[in-house]
Amino acid sequence: MDGTSGFLKFGTGYFVIFLFLIFALGILYFFNPSIHIAQRMAPLPTAENPNFLNQVNQCFIAVASVYGYDLRITAGFRSMAEQAQIYQQGRTVDGHIISEAAPGHSLHNFGYAVDVADRVKGYNINWTRLISIASYCHLESGGTGDLPHFEYRGGLTTDQFLLGLRPSPLTLPCPVMADRSATGTPLTLPDLKACGAPKF
Ligand SMILES: [Zn+2]
(Lines give C-alpha, C1' and ligand atoms only; values in the text may rest on other atoms or scores of the structure.)
Protein backbone atom coordinates (compact mmCIF):
# COMPACT_ATOMS: atom_id res chain seq x y z
CA MET A 1 0.00 0.00 0.00
CA ASP A 2 2.92 2.29 0.73
CA GLY A 3 4.22 1.50 -2.72
CA THR A 4 0.91 2.57 -4.33
CA SER A 5 0.68 5.86 -2.43
CA GLY A 6 4.34 6.53 -3.23
CA PHE A 7 3.61 5.98 -6.89
CA LEU A 8 0.55 8.24 -6.67
CA LYS A 9 2.59 11.01 -5.04
CA PHE A 10 5.26 10.57 -7.69
CA GLY A 11 2.63 10.73 -10.45
CA THR A 12 0.87 13.75 -8.92
CA GLY A 13 4.17 15.60 -8.59
CA TYR A 14 4.90 15.11 -12.28
CA PHE A 15 1.36 16.09 -13.17
CA VAL A 16 1.77 19.39 -11.27
CA ILE A 17 5.09 20.04 -13.05
CA PHE A 18 3.40 19.20 -16.35
CA LEU A 19 0.57 21.67 -15.63
CA PHE A 20 3.11 24.31 -14.66
CA LEU A 21 5.04 23.79 -17.92
CA ILE A 22 1.87 24.11 -20.00
CA PHE A 23 1.06 27.32 -18.11
CA ALA A 24 4.60 28.66 -18.57
CA LEU A 25 4.54 27.86 -22.30
CA GLY A 26 1.20 29.63 -22.59
CA ILE A 27 2.64 32.74 -20.91
CA LEU A 28 5.73 32.58 -23.13
CA TYR A 29 3.61 32.27 -26.26
CA PHE A 30 1.37 35.13 -25.21
CA PHE A 31 4.24 37.52 -24.50
CA ASN A 32 6.65 36.23 -27.14
CA PRO A 33 8.38 39.42 -28.36
CA SER A 34 9.69 37.69 -31.49
CA ILE A 35 6.18 37.46 -32.94
CA HIS A 36 5.82 41.29 -32.96
CA ILE A 37 2.08 41.36 -32.78
CA ALA A 38 0.50 44.76 -32.54
CA GLN A 39 -3.04 43.64 -31.88
CA ARG A 40 -4.36 40.33 -30.73
CA MET A 41 -7.64 38.78 -31.73
CA ALA A 42 -8.33 41.76 -33.95
CA PRO A 43 -11.89 41.86 -35.27
CA LEU A 44 -12.36 41.52 -39.03
CA PRO A 45 -11.65 44.92 -40.57
CA THR A 46 -14.00 46.84 -42.83
CA ALA A 47 -11.38 48.97 -44.57
CA GLU A 48 -7.72 49.13 -45.52
CA ASN A 49 -5.36 49.28 -42.52
CA PRO A 50 -4.47 53.03 -42.18
CA ASN A 51 -0.80 52.41 -41.33
CA PHE A 52 -0.41 50.10 -44.34
CA LEU A 53 -2.18 52.59 -46.62
CA ASN A 54 0.12 55.41 -45.44
CA GLN A 55 3.13 53.29 -46.29
CA VAL A 56 1.71 52.61 -49.76
CA ASN A 57 0.98 56.28 -50.44
CA GLN A 58 3.86 58.02 -48.67
CA CYS A 59 6.62 55.56 -49.56
CA PHE A 60 5.73 53.11 -52.34
CA ILE A 61 3.72 55.37 -54.68
CA ALA A 62 5.84 58.44 -53.80
CA VAL A 63 9.19 56.74 -54.49
CA ALA A 64 7.78 55.11 -57.63
CA SER A 65 6.73 58.55 -58.91
CA VAL A 66 10.32 59.80 -58.47
CA TYR A 67 11.24 57.04 -60.93
CA GLY A 68 8.58 57.94 -63.50
CA TYR A 69 5.71 55.67 -62.44
CA ASP A 70 2.21 57.09 -62.10
CA LEU A 71 0.62 54.42 -59.93
CA ARG A 72 -2.98 54.15 -58.92
CA ILE A 73 -4.51 51.61 -56.55
CA THR A 74 -6.90 49.40 -58.50
CA ALA A 75 -7.95 47.23 -55.53
CA GLY A 76 -7.59 47.54 -51.79
CA PHE A 77 -9.77 46.19 -49.02
CA ARG A 78 -12.09 43.36 -49.99
CA SER A 79 -14.66 41.94 -47.57
CA MET A 80 -15.03 38.18 -47.08
CA ALA A 81 -18.31 38.33 -49.04
CA GLU A 82 -16.65 40.14 -51.95
CA GLN A 83 -13.75 37.65 -51.87
CA ALA A 84 -16.24 34.76 -51.95
CA GLN A 85 -17.92 36.31 -54.97
CA ILE A 86 -14.72 36.71 -56.99
CA TYR A 87 -13.46 33.28 -55.87
CA GLN A 88 -16.61 31.65 -57.25
CA GLN A 89 -16.11 33.33 -60.62
CA GLY A 90 -14.77 30.66 -63.00
CA ARG A 91 -15.60 27.95 -60.47
CA THR A 92 -19.33 27.78 -59.72
CA VAL A 93 -20.11 31.00 -61.63
CA ASP A 94 -19.36 31.56 -65.35
CA GLY A 95 -16.24 33.50 -66.24
CA HIS A 96 -12.48 33.28 -66.02
CA ILE A 97 -10.86 32.43 -62.69
CA ILE A 98 -9.65 35.76 -61.33
CA SER A 99 -8.56 34.86 -57.81
CA GLU A 100 -6.72 31.87 -56.38
CA ALA A 101 -7.61 32.90 -52.85
CA ALA A 102 -10.68 31.64 -51.02
CA PRO A 103 -12.26 34.08 -48.51
CA GLY A 104 -9.87 34.72 -45.60
CA HIS A 105 -6.87 33.63 -47.65
CA SER A 106 -6.03 36.94 -49.24
CA LEU A 107 -4.45 39.84 -47.35
CA HIS A 108 -6.97 42.05 -49.20
CA ASN A 109 -9.50 40.61 -46.68
CA PHE A 110 -7.46 42.01 -43.78
CA GLY A 111 -6.65 45.42 -45.28
CA TYR A 112 -2.98 44.68 -45.82
CA ALA A 113 -2.83 44.44 -49.64
CA VAL A 114 -3.20 46.62 -52.72
CA ASP A 115 -3.18 45.98 -56.45
CA VAL A 116 -1.65 48.72 -58.57
CA ALA A 117 -1.43 49.75 -62.22
CA ASP A 118 0.18 52.69 -63.99
CA ARG A 119 -2.28 55.40 -65.01
CA VAL A 120 -0.56 55.81 -68.38
CA LYS A 121 1.16 52.51 -69.17
CA GLY A 122 -1.24 50.14 -67.42
CA TYR A 123 0.55 46.87 -66.74
CA ASN A 124 3.29 47.47 -69.32
CA ILE A 125 5.84 48.70 -66.77
CA ASN A 126 9.16 47.61 -65.26
CA TRP A 127 7.87 45.35 -62.48
CA THR A 128 11.34 44.28 -61.29
CA ARG A 129 12.24 47.86 -60.44
CA LEU A 130 8.84 48.40 -58.82
CA ILE A 131 9.34 45.30 -56.64
CA SER A 132 12.69 46.74 -55.45
CA ILE A 133 10.94 50.00 -54.54
CA ALA A 134 8.24 48.05 -52.66
CA SER A 135 10.88 46.12 -50.78
CA TYR A 136 12.57 49.40 -49.73
CA CYS A 137 9.16 50.38 -48.29
CA HIS A 138 8.95 47.01 -46.45
CA LEU A 139 6.18 45.74 -48.75
CA GLU A 140 6.16 42.32 -50.39
CA SER A 141 5.34 41.53 -53.99
CA GLY A 142 2.68 39.05 -55.11
CA GLY A 143 5.43 37.51 -57.28
CA THR A 144 5.44 36.60 -60.95
CA GLY A 145 1.97 35.05 -60.68
CA ASP A 146 0.43 38.27 -59.33
CA LEU A 147 2.65 41.21 -60.28
CA PRO A 148 0.17 44.05 -59.54
CA HIS A 149 -0.26 42.74 -55.97
CA PHE A 150 1.70 44.19 -53.02
CA GLU A 151 1.12 43.38 -49.37
CA TYR A 152 2.53 43.52 -45.86
CA ARG A 153 2.43 40.41 -43.69
CA GLY A 154 5.40 41.11 -41.39
CA GLY A 155 6.28 37.44 -41.09
CA LEU A 156 2.76 36.26 -40.32
CA THR A 157 1.04 33.50 -42.25
CA THR A 158 -2.45 34.02 -43.66
CA ASP A 159 -3.74 31.54 -41.08
CA GLN A 160 -2.33 33.75 -38.31
CA PHE A 161 -4.14 36.76 -39.83
CA LEU A 162 -7.29 34.64 -39.82
CA LEU A 163 -6.72 33.87 -36.13
CA GLY A 164 -6.71 37.61 -35.42
CA LEU A 165 -2.97 38.29 -35.29
CA ARG A 166 -1.65 41.43 -36.99
CA PRO A 167 1.92 42.51 -37.84
CA SER A 168 3.72 45.35 -36.05
CA PRO A 169 3.14 48.80 -37.60
CA LEU A 170 5.24 49.83 -40.59
CA THR A 171 7.64 52.74 -40.36
CA LEU A 172 8.68 55.01 -43.22
CA PRO A 173 12.31 54.37 -44.25
CA CYS A 174 12.76 58.12 -44.69
CA PRO A 175 11.03 60.57 -42.27
CA VAL A 176 10.85 63.35 -44.91
CA MET A 177 8.19 61.23 -46.70
CA ALA A 178 5.66 62.11 -44.00
CA ASP A 179 6.47 65.84 -44.34
CA ARG A 180 6.16 65.73 -48.13
CA SER A 181 2.79 64.03 -47.79
CA ALA A 182 1.57 66.48 -45.11
CA THR A 183 2.53 69.51 -47.20
CA GLY A 184 1.40 67.98 -50.49
CA THR A 185 4.82 68.45 -52.10
CA PRO A 186 6.27 65.70 -54.26
CA LEU A 187 9.11 63.57 -52.96
CA THR A 188 12.32 64.21 -54.93
CA LEU A 189 15.46 62.31 -55.88
CA PRO A 190 17.58 64.64 -53.65
CA ASP A 191 15.21 63.75 -50.74
CA LEU A 192 15.90 60.07 -51.33
CA LYS A 193 19.65 60.65 -51.68
CA ALA A 194 19.67 62.62 -48.40
CA CYS A 195 17.98 59.62 -46.76
CA GLY A 196 20.59 57.23 -48.07
CA ALA A 197 18.04 55.36 -50.19
CA PRO A 198 19.52 53.13 -52.89
CA LYS A 199 19.15 54.01 -56.57
CA PHE A 200 16.36 52.01 -58.18
ZN1 LIG B 1 -4.07 41.62 -54.88
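Visitor: Which residues touch the most other members of the largest nonpolar core?
Guide: This is a predicted model. Its largest nonpolar core has 31 residues. Those that touch the most other members are Phe60, Val63, Ala64, Ile133, Ala134, Cys137 and Phe150.

Visitor: Which element gives the largest share of this core?
Guide: The elements that give two or more residues are H2, S2 and H4. The largest share is 8 residues. It comes from H2.

Visitor: Why do the buried residues of H4 line one face of the helix?
Guide: The buried residues in H4 are Leu130, Ile133 and Ala134. Seen down the axis of H4, they line one face because they fall within an arc of 100 degrees. In general, an α-helix has 3.6 residues a turn, so residues three or four places apart point the same way. The arc asked about is 100 degrees.

Visitor: What covers the buried residues of H4?
Guide: Take Ala134 as an example. Leaving aside neighbours within four places in sequence, Ala134 is in contact with Phe60, Leu139, Ser141 and Phe150. For the buried residues of H4, the cover includes helix H2 (50–66), S3 and S4.

Visitor: Where is His138 found, and what is its phi?
Guide: His138 follows H4. It is found in the loop between helix H4 (127–136) and S3. Most residues other than glycine have a negative phi. His138 is not a glycine, yet its phi is positive, about 65 degrees.

Visitor: Is His138 buried, exposed or partly exposed?
Guide: Count the C-beta neighbours. A buried residue needs 20 or more within 10 Å, and an exposed one has 12 or fewer. His138 has 16 inside 10 Å, so it counts as partly exposed.

Visitor: Which strands are the edge strands of the sheet?
Guide: The open sheet has 4 strands with antiparallel pairing. Their order is S1-S2-S4-S3. Each edge strand pairs on one side only. The edge strands are S1 (71–75) and S3 (140–141).

Visitor: What is the bridge partner of Asp115 in S4?
Guide: Strand S2 (residues 113–118) runs antiparallel to strand S4 (residues 149–151). 3 bridges join the two. In S4, the partner of Asp115 is His149.

Notes. Residues numbered from 1 in each chain as written. Predicted model: local features only at pLDDT ≥ 70, side-chain atom pairs only at ≥ 80, totals over all residues. Pairing = 2+ DSSP bridges. Arc of directions from axis to C-beta. Contact = placed C-beta atoms within 7 Å. Core = buried A, V, L, I, M, F, W, Y, C linked by C-beta atoms within 7 Å.
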